Amino acid sequence: MVYLLFFLLLLTIAAMLSAKSFKKKQKIKKEQLINQWGKAKTEPFDFEKITIYSELNQGINFHGLSSQTKTDIDFDDIFCLVDRTTSRVGQQFLYTVLSKPTNDKTALLKINEQANFFRDNEAVRIEVQLQLLKLNSDDAYFLSNLLKDHSFVKPTWYKFVFPSLLLIPLLVILSPLHHTLLLWVMVPLA
């Protein structure tokens, strides 16, 4: 009984220390977000990955900048100056919006309204940025690959899965009558 109480005490202490450490990390992240607000990024830009979403997003747009135009106006350098996003996904979205401008006044007013909301509501902005930090790893660049057609294709052997799932229990049940059936269980298992 004493061991159980000691274990529960250690578990409680570990949980409290973990919660305290988590809160401290969140506080540090919030301070970093406040200090970095509106400042240029110092990290390198991987345009090969940033452009993935833009290439996959082939929706109807007013105008898309050609690769020649992007080269002529040094679009990548301009993007490096403009980019203040928190996540890799946001970086891809911003690149797409800037490289495919729109003439839809309501869409532009909506973006402006959203920008003003986050500028004026610091607490909400920080909470949203903390959530977006979860998408700040380089692997997040590839989330846009989910938009591809036929990204998940059933393998050719998939049609045998259901019959083999029925066959395995049947062979196991019949194995006491014929012991060789246990060897045949290996076929659908493989």
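1. The second largest pocket has a lining of 17 residues, and Leu 33, Gln 36, Lys 41, Thr 85 and Thr 86 lie nearest its centre. A pocket here is an open set of points on a 1 Å grid over the protein atoms alone, where a 1.4 Å probe fits, with protein on both sides within 12 Å along at least five of seven lines; lining residues have an atom within 4 Å of a point. The model is predicted: local features need pLDDT of at least 70 and side-chain atom pairs count only at pLDDT 80 or more, whereas totals for chains, interfaces and linings use all residues. Residues are numbered from 1 along each chain as its sequence is written, and side-chain values use heavy atoms, with hydrogens and water left out.

2. The space in the second largest pocket is about 380 Å³, a volume being the space filled by probe spheres set on grid points joined across faces, edges and corners. Helix α1 (residues 2–36) gives the most to this lining, with four residues; helices are DSSP runs (H or I, at least four residues) numbered from the N terminus. By class, the lining has four nonpolar, eight polar and five charged residues (Ala, Val, Leu, Ile, Met, Phe, Trp, Tyr, Cys and Pro count as nonpolar, Asp, Glu, Lys and Arg as charged, the others, Gly among them, as polar).

3. The largest pocket holds about 880 Å³ of space. Its lining comprises 24 residues, with Arg 84, Thr 85, Leu 94, Ala 115 and Phe 118 nearest the centre. At least two lining residues come from each of α6 (88–99), α7 (105–120) and α8 (122–132). The lining divides into 13 nonpolar, eight polar and three charged residues.

4. The axes of α5 (residues 75–82) and α6 come within 11 Å and cross at roughly 130°; axes are lines fitted to C-alpha atoms, for helices over the stretch in contact, and angles run from 0 to 180 degrees between N-to-C directions. The two helices, α5 and α6, are therefore oblique to each other (angles under 35 degrees count as roughly parallel, over 145 as roughly antiparallel, 65 to 115 as roughly perpendicular and the rest as oblique). In α5, Phe 75, Asp 76, Phe 79 and Val 82 meet Gln 91, Leu 94, Tyr 95, Leu 98 and Ser 99 of α6, contact meaning heavy atoms within 4.5 Å. Six nonpolar, two polar and one charged residue make up this contact of α5 with α6.

5. For α7 and α8, the axes come within 5 Å and cross at roughly 105°; α7 and α8 are therefore roughly perpendicular. Phe 117, Phe 118, Arg 119 and Asp 120 of α7 meet Glu 122, Val 124, Arg 125 and Val 128 of α8. This contact of α7 with α8 has four nonpolar, no polar and four charged residues.
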